[in-house]
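Hi everyone, thanks for coming. Have the sequence and the 3D view open, and let's take a short tour together.

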Amino acid sequence: MSEPVLEVRDLRVEFDVLDGRLPAVAGVDLTLRRGEILALVGESGSGKSALSMSLVGLNRGPRTHISGEVSFGGVNLVEARESELRRVRGKDITVVFQDALAALNPLHRAGAQVSEMIRTHADVSRAAAWERSVELLGEVGIANPGENARAYPHQLSGGMRQRVMIAMGLANDPAVLIADEPTTALDVTIQAQVLRVLERLRAEHGTSIIIITHDLGVVAEIADRVAVMYAGRIVEQGTRAEVLESPQHPYTMGLLASVPPIDGPVAERLPAIPGSPLTGIDRPPGCAFAPRCAAAHDACSSPPDLTRRFGGPGHLDACVLDEPGRAAVRGGAAVHQGEGGP
């Protein structure tokens, strides 16, 4: 395996709300390796964006509490000063936001915004930065890049705006690119084009990519490894094949079961995970998914560790069910209270 680029250890992110502190990220460990595409998967509110934004301090504030370690280049970014983070953001670690129209400045041309990103971190002339920005727009697949560089964001399509954001991310040849729902609200053809851009970025530049998504089709298309999040924790982690073809955690099984099949008979109604994700400050003492899990039993009241149980060496999960219990959940059979235990 390639060397680690970014290492996350016991990362915790809490937000002050009216009722107390909301644990958005509750002790996450992750390793991102050079040239790897890691997908963070989970329902809305699972902590994916809070985790990714905290990697470069984008959600710092008086009502935010971040602890743990985010190691990049020998520096713990959690403890880094804001001036240090500004040198890292946009140069070594860049973020492509979900809503490109909101992220781009409506008063500046697309090429000028890419140029600004270049000149922020490199001592180059305006003319050289503009020339490079046009090249980058062409690299991410924008037709007539010289002409479209002079367009304002509202004059570009959704797919083109997203690619402008990716071009800004590429501007300084970063080691890590964080893409937060980069294909949301795009039609499937444009989605495929955006994913090809990310794959080419990894292949040609060796860039490590964290892609945040709830779309398992995107995961199947592009990810090398997958981390499944629920209620601020990683509940399963492994290679794409391990997680998608041999899921070990009931939450992952529920997510996969809710995806329509490509072939074969289609059910009148897709299965759904009962209940709703946790949103308040109160969390159960053990497995956070237990209130929604058909296989929950007494052992789930103890906090489960993320460790290897029945998968491959790098296939980790946070579920105490034994193999028959997991097989029953995977097959859709009803598992009653107390059955399928460890």
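Let's start with a word we'll need: a residue is buried when its relative accessible area is under 20%, exposed when over 50%, and partly exposed in between, using a 1.4 Å probe and protein chains only. Please keep in mind that this is a predicted model, where local features need pLDDT of at least 70, side-chain atom pairs count only at pLDDT 80 or more, and totals for chains, interfaces and linings use all residues. Residues are numbered from 1 along each chain as its sequence is written, and side-chain values use heavy atoms, with hydrogens and water left out.

First, the cysteines. Is Cys-293 buried or exposed? Its relative accessibility is 17%, so Cys-293 counts as buried. Cys-287 has 14%, and therefore counts as buried too.

Now to the rings. Searching the whole structure gives three aromatic pairs. Rings of Phe, Tyr and Trp (its six-membered ring) pair if their centres lie within 6.5 Å; planes under 30 degrees apart are stacked, over 60 edge-to-face, and the rest tilted. One of the pairs is Tyr-230 with Tyr-251, tilted, at 4.7 Å centre to centre and 55° between the planes. Tyr-230 sits in strand β9 and Tyr-251 in helix α11, 21 residues apart. Tyr-230 also meets Phe-289: the centres are 5.3 Å apart and the planes at 85°, so this pair is edge-to-face. Phe-289 lies in the loop between α11 and β11, 59 residues from Tyr-230. Tyr-230 and Phe-289 are both buried, and Tyr-251 is buried as well. Together, ring pairs link Tyr-230, Tyr-251 and Phe-289 into a cluster.

A note on those labels: helices (H or I, at least four residues) and strands (E, at least two) are DSSP runs, numbered from the N terminus.

Last stop: two helices. Helix α4 (residues 110-121) packs against helix α7 (residues 158-170) at about 20°, with the axes 8 Å apart. Axes are lines fitted to C-alpha atoms, for helices over the stretch in contact, with angles from 0 to 180 degrees between N-to-C directions. Who makes the contact, meaning heavy atoms within 4.5 Å? On α4, Ala-110, Gln-113, Val-114 and Met-117; on α7, Val-164, Ala-167 and Met-168.

Terms used:
Contact = heavy atoms within 4.5 Å.
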